[in-house]
Amino acid sequence: MAYMKVYFDHNATTPLHPEVKKEMIAGMEMFGNPSSMHAYGREARANVEDARRKVADFIGAHENEIIFVGSGSEANNTVLSLFVCSSSQCIPGSRRSTIITTKIEHPCVLETSECLAHRGVRVKYLDVDRYGKVDLDQLAGMLGDDVGLVSVMMANNEIGTLQDIGAITKMVHESGAYMHTDAVQAVGKVPVDVRDLGVDFLTISAHKIYGPKGVGALFVKQGIPYCPLIRGGHQERGRRAGTENTLGILGMARAVEMRMIEMPEEEERLLHLKQVLRQGIEERIDDISINGHPTDALASTLNVSFTGVEGEAILLYLDLEGIAVSTGSACASGSLDPSHVLLATGVDAELAHGSIRFSMGRQTSMQEVEYLLNVLPPIIKRIRNMSTAYIKGGLHAASR
Amino acid sequence: MLQAGEWAYSETLKEHFMNPKNILQGENTDDFDGVGMEGNLQCGDQMMVVIKVDKEKDVITDCQWKTYGCASAIASTSVLSEMVKGRTLDAAFHISPKEVALELGGLPDHKIHCSVLGDKALRAAINNYYTRNGQEDKVKQEQVKVICQCMNITDHDIEDAVLEGARTYFELQERTKCGTVCGQCKDESEALLEKYKHIHFGA
């Protein structure tokens, strides 16, 4: 099969949708500050507010409930940081000073939580089962009148597992706490309606759904107490200072519109591709295991561990063949520990080092999946041939 | 706009990764005079080095290997296997990770530790040769010295911490907990920190 350039890393980021690109190129002429009262400003304001309505519509929210931010990470930081204020007038109040989150969140939630813990907030971490599902019994045991916020991601970026946010939110609200979900990997891939879910806070990012980088949105339910992370301006109704990223916001709104059109028919197609990819790998390569939930997961995401091979080596050999993937190996991350998500699901460290995430998108074709299925087995074979992991018995002892 | 950038690695490293030299084929090591293995799969790196020795001259005539690890681990074992051929056992024993990294055209700091296991496995193979040939007296054990008595931290732990990124005493303490109880080992730990920084990073 001839060399192809194939992108299997849509959970990292996505290419701009051609419609988004068109919208943004047209929008480049618009430079006014939405806060200005003159015609330039009013044009920008009109466009930002139009975009806000579109994003709100997409997740079933009211436009007043959408705050444009610089990234999903900023939105998550903002929500968690609501809980460090010790003012009696401030949001969670001083009594509810515990946050509950999970062991499989994105680092922007985990590291912010760690930082909050240093600042006196009590943080509890929910375990997940072998498929990456949160333990609801454990959550029930943790909830109490000391808990101010629960933050659980809707779809996991590494293994694609989906949580039952509706059910979790119900439990959280019954205990009197607020509920946040990082839906960066879910919005635009599965239907998300904030009223159905019942959540108080929800995070969206544009660049995961064929929009531009550097823009996201935070949904904050009306009437829920809120305090800005970035201060010093009246933008976003005083909830996020800084002149609006008008071009990014324009692009995000168009991305969301295109998702509304394309998403419904996409899931079935991706599910089929994922099934072909999974079966192909299972048939052509020995000693592999599939990570994540078999059914309750994103149609686009397949995470596979290959015994006896290290993920960065697979990633770079695939890169030489034009295929882009990502890995949970420590070596690729610059840290020494492999994927915290896989470890939390009970995957052995060795298998976590040998894990590869294939994440597909709107342009992924059957031809691309077939190309991958042709290229991958010889690469795994080649790495295994040079791997110590496939030496059987005795040798280790001989060297001692 | 720039096109796809260079690898994080040098061209030499890339070449050794794409076309590794001297991979041990199969599992049979009977034809070799010394076998050494270091590391473990849980940590993400494991290397095995096997050598053939000219017993008259104590010179390594062949070196093959297997590696479980990332691109820099694979490439550093490959380049090491080329470097040792023709060297005496004693000269090969003293090859440092820094020499391997230099031969590869440099390694990013956070990848240095990937290359350390190769020369350790080589030393294990050389020691294995000595043992097999009735020259136990020549076996050089890797000296391990406990530096921090309270937390049982050895010089190797300190070296590993430096390889993993510790550059200051505070960072060393964060990684190893060394000197966090009585603190008496501070001077010795700091001296070792500087020593290993110099050995591995020329700092």
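Q: In which sense do β1(B) and strand β2 (residues 45-54) of chain B pair, and over how many bridges?

A: The sense is antiparallel, and β1(B) is joined to β2(B) over seven bridges. Two strands pair if DSSP finds at least two bridges between them. Strands themselves are DSSP runs of E with at least two residues, and helices are runs of H or I with at least four, both numbered from the N terminus. One of the bridge partners is B:M48 in β2(B), which faces B:M37. This is a predicted model, in which local features need pLDDT of at least 70, side-chain atom pairs count only at pLDDT 80 or more, and totals for chains, interfaces and linings use all residues. Residues are numbered from 1 along each chain as its sequence is written, while chains are lettered from A and ligands numbered from 1 in the order in which they are written.

Q: What makes β1 (34-40) and β3 (59-68) of chain B stand at the edges?

A: The open sheet of three strands has the order β1-β2-β3 (chain B), with antiparallel pairing. Each of β1(B) and β3(B) has a single partner strand, so one side of each is left without a neighbour in the sheet. From one strand to the next, the twist averages 15 degrees.

Q: Which strands of chain B does helix α2 (residues 71-84) touch?

A: Helix α2(B) packs on the sheet and touches β2 and β3 of chain B, its direction making about 175 degrees with that of β3(B). Such angles run from 0 to 180 degrees between N-to-C directions, and axes are lines fitted to C-alpha atoms, for helices over the stretch in contact.

Q: Why are α6(B) and α8(B) called oblique to each other?

A: Helix α6 (residues 155-163) and helix α8 (residues 186-201) of chain B pack at an angle of about 50 degrees, with their axes 9 Å apart. Angles under 35 degrees count as roughly parallel, over 145 as roughly antiparallel, 65 to 115 as roughly perpendicular and the rest as oblique. The two helices, α6(B) and α8(B), are therefore oblique.

Q: Why is A:T13 called exposed?

A: A residue is buried if 20 or more other C-beta atoms lie within 10 Å of its own, exposed if 12 or fewer, and partly exposed in between, with C-beta atoms placed from the backbone. A:T13 has 12 other C-beta atoms within 10 Å and is therefore exposed. Its place is in the loop between β1 (6-7) and α1 (18-27) of chain A.

Notes: Contact = placed C-beta atoms within 7 Å.
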